[in-house]
Amino acid sequence: MAPTSLTDALKEEARRLGFDLAGACRATTPPRMEPFRRWLAAGYAGRMRYLTDRAEAYEHPRHVLRGVRSMLMLAINYRTVEPAPTQGAQGRVSRYAWGEDYHELIHARLRRLADFHRRRTPTARGRGVVDTAPLLERDFAQLAGLGWIGKNTLLVNRQLGSWLFLAALLTSEDLDYDEPCRRDYCGSCRACLDACPTGALVDARVLDARRCISYLTIESRDCVPAELRSLVGDRVFGCDVCQEVCPWNRSGPTTVEDAFRPAPGMNPLELPELFALEDAAFRRRFRRTPLWRARRGGLLPSAAIALGNRPDAAALPALVRGLDDAEPTVRAACAWALGRCTDPAAQKALRARLPLEPDLQTRGEIEAAIR
């Protein structure tokens with residue numbers, strides 16, 4: 001097929017499958033490859049070693065698909081309802097994680113789009129990717145005209161804002177390429193930089209993941225550093241502050257995709273009940289949601305820190321139970337949270353646990369909480 005005919009057909013099929021945006025670009029070295037290298041060298045990736053280990057693969061999409069010539073960049077709007085206020089022993093979950101796991105939904109649609117591509121061009125090679133491949137999706141989305149990279153490091157579209165899931169269809173065929181988005185519509189605005197609770201946005205389009213609440217509550221397997229815990233607030237999985245304050249997100253259409261709407265108990269999340277879930281029960285509840293990425297050993301410490309930032313009598317039994325958890329990071333976070341409670345029962349539980357605690361780091365947390 002001619003590049004224009006193939007491109008038009010792929011875009012039409014992508015929209016039929018539920019993608020809100022589609023644009024084509026050449027497979028090339030991403031424009032921000034050098035800033036990406038500097039970002040890695042500065043240590044801003046934290047313990048996301050997979051980024052450093054695959055750094056060379058990000059240099060060109062051919063490392064994702066041999067013989068690639070073009071890319072169809074795609075986006076789906078996931079904006080649904082506004083966040084409900086938290087009360088008592090509740091915690092906030094990032095909007096993208098309220099519903100089903102977007103990876104599974106988008107992968108299924110990419111497979112159908114790739115099948116459509118093969119039917120139109122049987123000799124072509126193609127591959128659909130979302131998140132998991134070494135691809136700087138935001139760079140290529142900008143090249144395909146879907147938007148610009150905002151100061152909060154996210155792709156921003158003038159109509160849809162930044163509540164977007166990105167995906168790509170790589171192909172060995174030539175496509176009719178869209179005009180890149182060359183203008184920076186952020187202008188002089190500093191809303192996201194000034195609002196970041198932990199100061200993770202160290203400069204425009206430069207994020208220190210080691211201070212980012214999303215990294216600390218999702219990617220990291222360590223307990224949140226003590227100096228940042230009070231800044232996390234009631235956030236237990238991700239953080240949307242840099243998007244919520246963005247002027248381009250003040251208005252915009254909501255998604256028609258029911259799978260992204262909040263599941264019961266996710267907006268907000270009741271925290272004490274999480275401490276009663278063993279591995280199997282945790283898996284049954286969160287297996288098909290983004291929260292599964294943190295696993296039980298990652299979500300419970302975040303829940304404990306949120307409870308410590310907003311002490312509530314209803315949460316005390318759960319935190320005391322957490323002191324005996326099998327995971328040291330859970331015990332440490334619960335100790336910190338109990339240290340912020342004024343109920344004498346909290347001190348009693350800490351003193352009872354101290355002589356039984358085998359982990360040195362957790363013992364230090366308990367001793368600090370007692371003090």
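Predicted model: local features only at pLDDT ≥ 70, side-chain atom pairs only at ≥ 80, totals over all residues.
Biologist: Why are strand 4 and strand 7 said to pair?

Modeller: Two strands count as paired if there are at least two bridges between them, and 4 bridges join strand 4 to strand 7, residues 164-171, so these two strands pair, and they run antiparallel. One of the residues involved is G128, whose bridge partner in strand 7 is L169.

Biologist: What makes strand 1 and strand 4 edge strands?

Modeller: The sheet they belong to is an open one of 4 strands in the order 1-2-7-4, with antiparallel pairing. Strand 1 (21-26) and strand 4 (126-129) each pair on one side only, and that is what marks them as its edge strands. From one strand to the next, the twist averages 20 degrees.

Biologist: Which helices lie across strand 2 and strand 7?

Modeller: Helix 1, residues 3-16, lies across strand 1, strand 2 (70-77) and strand 7, and runs at about 145 degrees to strand 1. Helix 4, residues 102-120, lies across strand 2, strand 4 and strand 7, and its angle to strand 7 is about 30 degrees.

Biologist: How do you know that strand 3 and strand 10 pair?

Modeller: The cut-off is at least two bridges, and 2 bridges join strand 3 (residues 90-93) to strand 10, so the pair meets it, with the strands running parallel. In strand 10, R235 is the bridge partner of R92. These strands belong to an open sheet of 3 strands in the order 10-3-11, where the pairing is mixed, and its edge strands are strand 10 (235-237) and strand 11 (269-270).

Notes: Residues numbered from 1 in each chain as written. Heavy atoms only, no water. Axes fitted to C-alpha atoms, helices over the stretch in contact; angles between N-to-C directions. Contact = heavy atoms within 4.5 Å.
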